[in-house]
Amino acid sequence: MPLIKKISPGRLIVLGFALVIIMGTILLMLPISLNEGVEISFIDALFTSTSAVCVTGLIAVDTADTFNVFGRTVVAMLIQVGGLGVTSVGVGFILLVGKKVSIKGRKIIKEAMNLESMKGLVKIVKAVLLMTLLFELVGVILSYIVFSQDYEPLKALGISIFHSIAAFNNSGFDILGGLQNLIPYQSNILLNLTTCFLIIFGGLGFLVIKEIFEKRSFKKFCLHTKVVLLMTTLLLVVGTILLKMTENISWLGAFFFSTSARTAGFSTYNLGTFTNAGLFTLIILMFIGASPGSTGGGVKTTTAFIIAKSLYANSTNKHCGAFKRKFPVSIIWKAFNLIILAFLVVIIGTFTLCILEPENSFMQLLFEVTSAFGTVGLSTGITPHLTSLSKFIIVLIMFIGRLGPITMATIWYQKKLPEAHYSEESVIIG
């Protein structure tokens with residue numbers, strides 16, 4: 001279609017996600033999706049659809065108490081599409097029917113997966129789909145061992161499939177009912193570790209997982225993979241220690257929250273009882289998030305690493321790099337631009353909610369906004385009680401968080417940088 005050919009890849013990705021969200025909203029509002037005697041408003045259906053597609057997990061209504069088997073299946077499919085990315089799913093269908101992927105399609109995949117070139121794109125998409133299937137299958141089997149002890153076989157299987165999809169795609173949805181999430185299983189080692197396993201690998205990024213299985217040696221990994229693995233390990237360890245220090249929870253619970261806070265959103269303890277120190281620790285983890293090319297959100301582990309290394313390099317008069325490699329200046333600038341835009345989204349969102357929801361504390365609102373931006377899904381319990389306007393603002397923040405603030409900022413202006421420019425003049429800084 002001529003019109004689609006004129007649209008930039010970034011705009012097409014945004015449009016694709018928006019269309020899936022709208023379709024999900026319509027499906028979730030149909031009586032066929034709802035439990036008997038249950039009604040859902042447009043804003044709550046939109047909120048649920050956005051939260052699923054943006055793999056967040058924040059809920060305005062309880063998934064199990066509101067939706068029947070069909071509705072829950074719709075939610076699971078939205079999570080899967082959102083986690084893999086609309087473009088990857090679309091390419092998967094194209095390959096399934098034996099068609100070739102066009103140049104335009106390859107450009108969109110490159111943009112969506114933050115790749116540097118279009119080399120081997122089709123193979124990468126195939127690997128992504130295969131890895132997703134394998135990880136989720138393992139998750140279903142291990143989860144079923146736990147859930148089959150409390151539910152009849154068929155229902156246990158449904159819960160296991162839903163949980164595996166939600167966990168690997170870093171979305172904190174559950175279908176246990178009663179807004180309880182995984183609190184009943186806070187001491188179950190198998191389910192806790194299975195969920196953490198799915199969250200961690202889902203948050204590493206598909207290219208990193210692919211390289212781990214192919215090269216199997218840290219020395220052979222590319223710089224990106226080394227940084228991702230280092231930051232993931234560091235955040236898991238530091239997060240676990242800080243949460244154990246600040247909250248009266250087990251080491252298993254601290255490790256689970258340290259893992260879940262980086263964009264998954266599952267809870268094994270009531271966050272309403274957490275101290276400000278514990279909530280602030282979770283806010284930092286949520287803001288950083290997962291790694292590029294993964295199912296998770298946040299500003300990403302690599303961005304945080306580059307910012308930290310750049311600040312250290314500037315203060316010590318050294319080159320900015322790691323593992324005997326130097327970071328390009330363009331990447332450093334991009335990292336700073338991303339972190340500033342992310343801060344602006346969180347600050348503006350929190351300030352707006354402070355005006356609209358004065359009955360809630362600043363920490364609660366900051367936590368909710370950061371959770372939405374990081375596409376995490378953790379909540380202090382105030383989301384279902386927000387006004388319709390506040391829920392819509394959270395919807396926008398989830399959308400920005402999933403697609404990335406830089407993508408959202410650049411889709412409106414497509415002109416090239418002019419070759420002519422003014423002469424330089426310095427200003428005093430600091």
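User: Is Lys215 buried, partly exposed or exposed, going by its relative accessibility?
Analyst: Quick caveat: this is a predicted model, where local features need pLDDT of at least 70, side-chain atom pairs count only at pLDDT 80 or more, and totals for chains, interfaces and linings use all residues. Residues are numbered from 1 along each chain as its sequence is written, and side-chain values use heavy atoms, with hydrogens and water left out. The classes, with a 1.4 Å probe and protein chains only, are buried under 20% relative accessible area, exposed over 50%, and partly exposed in between. Lys215 comes in at 36% relative accessibility, so the class is partly exposed.

User: How many residues apart in sequence are the parts that the Lys391 and Asp44 pair ties together?
Analyst: Lys391 and Asp44 form a salt bridge, with the closest N and O atoms 2.8 Å apart. Lys391 is in helix H18 (residues 388-403) and Asp44 in helix H3 (residues 42-53), so the pair links parts whose separation in sequence is 347 residues. Helices are DSSP runs (H or I, at least four residues), numbered from the N terminus.

User: What volume does the largest cavity have?
Analyst: A cavity is a set of points, on a 1 Å grid over the protein atoms alone, where a 1.4 Å probe fits but cannot get out; lining residues have an atom within 4 Å of a point. Grid points are joined across faces, edges and corners, and volume is the space filled by probe spheres set on the points. There are 2 cavities of 30 Å³ or more. The largest has about 50 Å³.

User: Which helix gives the most to the lining of the second largest cavity?
Analyst: That cavity has a volume of about 40 Å³, and its lining includes Phe147, His163 and Phe266. By class, the lining has 7 nonpolar, 1 polar and 1 charged residues. With 3 residues, the top contributor is helix H9.

Technical notes: On a 1 Å grid over the protein atoms alone, a cavity is a set of points where a 1.4 Å probe fits but cannot get out, and a pocket is an open set with protein on both sides within 12 Å along at least five of seven lines; lining residues have an atom within 4 Å of a point. Helices (H or I, at least four residues) and strands (E, at least two) are DSSP runs, numbered from the N terminus. Ala, Val, Leu, Ile, Met, Phe, Trp, Tyr, Cys and Pro count as nonpolar, Asp, Glu, Lys and Arg as charged, and the others, Gly among them, as polar. A salt bridge is a side-chain nitrogen of Lys or Arg within 4 Å of a carboxyl oxygen of Asp or Glu.
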